[in-house]
Amino acid sequence: MSDPLRSLGESQIKRKSPSSGWQRLLEMGEDLHALNHSNSTGIPGLSVSQSRPGMGQILSAQEIILAGLADLSGGQVELWLADWLGEELGYKDLGPFSAAPQAALAQKALFQRQVCSGRVGIKAFELAMPLMPLAETELEAPVLGVITFNRNPGAAFRKPELDLLRRAAKQVVITIEDWRRMAADQRRAAQLATITEVGNAITS
């Protein structure tokens, strides 16, 4: 299993106008949506919406996510995804999925299921944000992953910045939920195909 993917932003969000930050967020969401709905399945009778995402598709989405979040936060970004999620998508022990994040603050956010922040050394500021499913209650929902933002040097994130990063994290969750739905649809389609095949064999 690989280390969490990471990216480094080129500019501080405080140097941007609010409109440019929201525009960058919109662009990231549009790119992720287009990626999730543009690939051909290559399977007769199976639509894109019924096919699990390919590993290349997942890695491309991560690149989009890391680039967008790094640009919005103005610092280094790490994205950890849970191993159970990889297994659900059909990629057990493959790709970027692992049992636990490496960073201590990300582990704390995973355990407490809430945003955690603090100083790292003298100059750096770090913030870890867990990714929670949208349709499940807080107590029942498994943590999909954790995004860790690190500014070095950097100040604590202000409320407008946090609001923007929370919206960006929601875009990431929506993308992951699309992956989960696509994988579930493919499993159901395969089950129905098996049932149909067995039924045809019995009646023939």
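Helix 5 contributes the most to the lining of the largest pocket, four residues. Helices (H or I, at least four residues) and strands (E, at least two) are DSSP runs, numbered from the N terminus. The model is a predicted one, in which local features need pLDDT of at least 70, side-chain atom pairs count only at pLDDT 80 or more, and totals for chains, interfaces and linings use all residues. Residues are numbered from 1 along each chain as its sequence is written, and side-chain values use heavy atoms, with hydrogens and water left out.

The largest pocket holds about 240 Å³ of space. On a 1 Å grid over the protein atoms alone, a pocket is an open set of points with protein on both sides within 12 Å along at least five of seven lines, whereas a cavity is a set of points where a 1.4 Å probe fits but cannot get out; lining residues have an atom within 4 Å of a point. Grid points are joined across faces, edges and corners, and a volume is the space filled by probe spheres set on the points.

Strand 5 (124–131) and helix 5 (159–203) each supply at least two residues of this pocket's lining. The lining residues include Met129, Pro130, Leu131, Arg166, Ala169, Lys170 and Val173. By class, the lining has nine nonpolar residues, one polar and two charged. Here Ala, Val, Leu, Ile, Met, Phe, Trp, Tyr, Cys and Pro count as nonpolar, Asp, Glu, Lys and Arg as charged, and the others, Gly among them, as polar.

There is also one cavity of 30 Å³ or more, and the largest cavity has a volume of about 40 Å³. Of the 10 residues that line the largest cavity, Glu78, Trp80, Pro101, Ala106 and Thr148 lie nearest its centre. Strand 2 (76–82) and strand 6 give two or more residues each to this lining, and strand 2 gives the most, with three. The cavity lining divides into seven nonpolar residues, two polar and one charged.

The model has two aromatic pairs (rings of Phe, Tyr and Trp, its six-membered ring, with centres within 6.5 Å; planes under 30 degrees apart are stacked, over 60 edge-to-face, the rest tilted). The rings of Phe125 and Phe157 are edge-to-face because their planes stand at 65 degrees, with centres 6.0 Å apart. This pair links distant parts of the chain, 32 residues apart: Phe125 in strand 5 and Phe157 in the loop between strand 6 (145–151) and helix 5. Phe149 and Phe157 form an edge-to-face pair, 6.1 Å centre to centre with 70 degrees between the planes. Phe125, Phe149 and Phe157 form one aromatic cluster.
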